[in-house]
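Colleague: I am new to this structure. Please take me through one part of it closely, after a quick look at the whole.

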Amino acid sequence: MADENKPQSSVDETPISPVRQSKERRNSLEQHLKQRPDRSELVEKNILPASTAAPGLQEKQRELERHMRADSLNDKISHRPSPEKLIKDGVLHEDPRSPEERYEEAIEEEYAKREGGA
């Protein structure tokens, strides 16, 4: 009889958000999955990487590609002809200004760029 005199705790057990029945939830998930874009579309939009490597290796793959590009550019730069050869072949024309005049003009152009001019 002592249990009858105890006040029962009133805990509100109603869910915060309305709970759909499981079939409705399953149908909702299926609908969303049907509208999901293809992998190729995500790659085209640069959302996913184009690589098919494992996700743990993709960073190393990007680093390797970056180093390969740097090596390729350095190789091309090391094999380019000198300005003297390009002038001799007629590709470049010799600048009649003195080196001091060219330097002063370059400084003025750089200053104008930084100040919002030219």
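What does the accessible surface of the protein chain come to, and what percentage of it belongs to carbon and sulfur atoms? Then please look closely at the nonpolar patch on the surface.

Modeller: Keep in mind that this is a predicted model. The accessible surface of the protein chain comes to about 11,900 Å². Carbon and sulfur atoms account for 52% of that surface.

Now the fold. The protein chain has 6 helices and 0 strands. Along the sequence, the pattern reads α-α-α-α-α-α. Of the 118 residues in the chain, 3% count as buried.

Next, the patch. I87, V91 and L92 form it. Together they have about 240 Å² of accessible area. Take V91 from this group. V91 sits in the loop between α5 (83–89) and α6 (99–114). Its relative accessibility is 57%, so V91 counts as exposed. The cut-off used here for exposed is over 50%.

For contrast, turn to Q58. This residue belongs to helix α4, which covers residues 55–78. Q58 counts as buried because its relative accessibility is 15%. Buried means under 20%. What does Q58 touch? Leaving out residues up to four places away in sequence, Q58 touches P49, S51 and A53.

V91, in a loop, is exposed at 57%. Q58, in helix α4, is buried at 15%.

Terms used: Residues are numbered from 1 along each chain as its sequence is written. This is a predicted model: local features need pLDDT of at least 70, side-chain atom pairs count only at pLDDT 80 or more; totals for chains, interfaces and linings use all residues. Side-chain values use heavy atoms; hydrogens and water are left out. Patches are made of residues with over 30% relative accessible area and no salt bridge: like charges are joined within 9 Å, nonpolar side chains (Val, Leu, Ile, Met, Phe, Trp, Tyr) within 5 Å. Accessible areas come from the Shrake-Rupley method with a 1.4 Å probe; for residues, only the protein chains shown count as cover. A salt bridge is a side-chain nitrogen of Lys or Arg within 4 Å of a carboxyl oxygen of Asp or Glu. Helices (H or I, at least four residues) and strands (E, at least two) are DSSP runs, numbered from the N terminus. Buried means under 20% relative accessible area, exposed over 50%, partly exposed in between (1.4 Å probe, protein chains only). Contact means heavy atoms within 4.5 Å.
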